[in-house]
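Morning, everyone. Please have the sequence and the model open side by side. I'll go residue by residue, then zoom out.

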Amino acid sequence: MNDKLINSVLEAGIVGAGGAGFPTHVKLGAQAGTVIINGAECEPLLRVDQQLMEREAAGLLTALDLIVESSGAARGVVALKEHYHGAAAALSRELPKHPKLSLHLLGGFYPAGDEQVIVYEVTGKIVPEGGIPLSVGVIVVNVETALNILAAYEDGTPVTDKYLTVTGAVRSPKSVRVPLGITVREAVELAGGATVSDYVVVNGGPMMGVTVSPKSWVTKTTKGLIVLPVEHSLLTSLKKPLDKSIRDASIACMQCSLCTEVCPRHLLGHRIEPHKMMRIAAYGSVCDEKQSPMNAYLCCGCRLCEYACVMGLQPWKFNASIKNILMRSGVKNSLHLAPERCDSFREYKRYPVGKLIRQLGLSQYDRPAPMEYGDHSFIEVTLPLRQGAGAPSEPVVKVNDQVTRGGLIARAPQGKLGTNLHASISGTVKAVTEIFVTIHTENQL
């Protein structure tokens with residue numbers, strides 16, 4: 001275990017840049033047999049990781065070597081989709097310098113970037129129900145996270161910026177690096193602004209993202225912002241009330257099982273069958289002794305079931321509702337089966353990304369979003385104290401303090417899961433609350 005690496009990552013406030021924002025120093029403290037860089041860029045329309053892999057190939061592989069050495073792993077793998085030709089070529093040129101590392105090319109299917117899916121694709125190991133990659137001796141790290149690890153280790157550089165793709169109904173789709181804490185509206189303006197007057201922004205991807213206010217802030221886990229007209233069908237799906245979704249399920253579900261046939265966790269051998277869960281809406285029971293409401297815990301929320309359903313039903317939303325009820329009732333997931341094999345026809349049931357984009361009504365937005373490396377200046381940022389999994393950071397600054405970009409403004413709480421937070425611009429602290437810290441500068445830097 002490389003203590004310097006782990007301490008550097010802790011001090012730098014690094015969290016997973018592509019998911020729930022789990023503190024990276026905790027992940028790096030584990031031992032593993034394989035380390036995977038997740039370059040699949042799971043969600044349609046997002047472009048950041050593939051461009052970072054192409055432009056920062058040498059640094060990415062150096063970072064992977066560091067993680068492999070620290071975890072005692074036998075090998076490291078960069079997993080990326082086979083049509084990321086530029087990234088694959090750049091990484092291949094650097095690979096001879098890294099004998100423990102290799103590439104794994106994935107098909108163009110969704111959700112290739114799901115942690116459990118990518119573990120199986122690369123290693124052939126199935127993560128147990130309710131488990132994590134480490135359950136089978138694997139560590140998975142996002143591309144941007146790995147580059148942040150290298151910067152922290154080599155130079156002590158903390159996380160102050162975020163790479164994100166701004167796309168959809170904007171004049172000039174692009175991927176940019178921006179200071180943490182700018183508003184979503186400011187990020188959209190970097191892409192030339194919206195092309196429609198009445199729009200909604202999806203933070204994340206079209207499948208697992210959430211709608212956000214233009215006044216909300218960019219955080220360490222923001223990966224993409226998709227601008228869509230208010231009448232877009234994707235927004236209709238996301239905003240559909242739960243009670244209507246349940247009522248539709250009770251009336252229209254014909255138990256065809258197409259949702260189950262494409263469910264990525266079911267295809268790995270997990271005991272989740274969305275079509276049987278839908279029976280609860282109509283009958284109040286799954287009608288199968290092998291199934292129970294507990295199986296909702298096995299849903300990864302990828303939403304693929306909705307787009308396989310010929311009736312447009314939403315098993316994922318129903319599962320999320322059941323899961324929330326169980327959690328509020330204090331019922332913990334008791335499902336931890338370790339499947340011995342996946343579905344025999346899994347290879348043929350993987351869902352093509354191109355087909356999904358068409359079903360989502362996003363074909364017109366499936367455009368390049370080239371990386372813009374120029375620095376952008378902003379006069380104010382607001383930094384939420386919770387920017388990932390765990391407890392909020394605890395402020396170490398007060399109103400009217402002068403701070404410098406990269407300086408510590410909030411520390412991970414002692415004895416709790418959390419991360420440090422640093423100033424993303426230099427200036428004066430204008431507000432400190434239980435939720436955020438605001439920094440303002442009179443001069444654009």
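Lys-162 sits in strand 6, residues 161–168. Keep in mind that this is a predicted model. Is Lys-162 buried or exposed? Its relative accessibility is 1%, so Lys-162 counts as buried. The cut-off for buried is under 20%.

Which side chain does the Lys-162 side chain meet in a polar contact? That partner is Glu-144, at 2.6 Å. The contact list of Lys-162 leaves out residues up to four places away in sequence. Among its contacts are Ala-17, Val-176, Arg-177, Val-178 and Leu-180. The run from Val-218 through Thr-219, Lys-220, Thr-221 and Thr-222 to Lys-223 also touches Lys-162.

Next, Gln-51. You'll find Gln-51 in helix 3, residues 48–55. With a relative accessible area of 13%, Gln-51 is buried as well. Its side chain makes a polar contact of 3.1 Å with the side chain of Ser-175. Setting aside neighbours within four places in sequence, Gln-51 is in contact with Ser-175, Ala-369, Pro-370 and Met-371.

Now helix 6, residues 115–123. Start at its beginning. A side-chain oxygen of Asp-114 comes to within 3.1 Å of the backbone nitrogen of Gln-116. Which residues of helix 6 are buried? They include Gln-116, Val-117, Ile-118 and Val-119. Glu-121 and Val-122 are buried too. Just past the helix, Gly-124 takes a positive phi, about 80°.

Carry on along the chain to Leu-134. This residue lies in the loop between helix 6 and strand 5, the latter at 138–142. Leu-134 counts as partly exposed, because its relative accessibility is 33%. Where does Lys-27 stand relative to Leu-134? The two are 107 residues apart in sequence, yet 8.8 Å apart in space, C-alpha to C-alpha. Beyond four places in sequence, Leu-134 touches Ala-30, Gln-31, Ala-32 and Ile-139.

One more residue: Gln-359. It lies in helix 18, residues 353–359. At a relative accessible area of 35%, Gln-359 is partly exposed. Its side chain reaches the backbone oxygen of Tyr-307 at 2.8 Å. Leaving aside neighbours within four places in sequence, Gln-359 is in contact with Tyr-307 and Tyr-351. Gln-359 and Leu-234 are 125 residues apart in sequence, and their C-alpha atoms lie 9.5 Å apart.

Let's zoom out to the whole chain. How many helices and strands does the chain have? There are 18 helices and 19 strands. The C-alpha trace spans about 65 × 55 × 45 Å along its principal axes. What about the radius of gyration? For 445 residues, a compact globule would come out near 22 Å. The chain has 22 Å, so the two agree.

Burial next. Of the 445 residues, 58% count as buried. Then contacts. Take those between residues at least 6 apart in sequence: 72% of them join residues at least 24 apart.

Last, surface and charge. The chain exposes about 18600 Å², and carbon and sulfur atoms supply 52% of that. There are 45 positive side chains and 41 negative ones. The centres of those two sets lie 4 Å apart.

To recap two points. Lys-162 is buried, and its side chain makes a polar contact with Glu-144. Gln-359 is partly exposed, and its side chain reaches the backbone oxygen of Tyr-307. Thanks.

Conventions: Residues numbered from 1 in each chain as written. Predicted model: local features only at pLDDT ≥ 70, side-chain atom pairs only at ≥ 80, totals over all residues. Heavy atoms only, no water. Helix = DSSP H or I, 4+ residues; strand = E, 2+ residues; numbered from the N terminus. Rg over C-alpha atoms; globule rule 2.2 N^0.38 Å. Buried < 20%, exposed > 50% of the residue type's maximum accessible area, 1.4 Å probe, protein only. Contact = heavy atoms within 4.5 Å. Areas by Shrake-Rupley, 256 points an atom, 1.4 Å probe, with all protein chains shown as cover. Lys, Arg positive; Asp, Glu negative; His and termini not counted. Charge placed at Lys NZ, Arg CZ, Asp CG, Glu CD. Polar contact = N/O pair within 3.5 Å; in protein donor to acceptor, adjacent residues only side chain to side chain.
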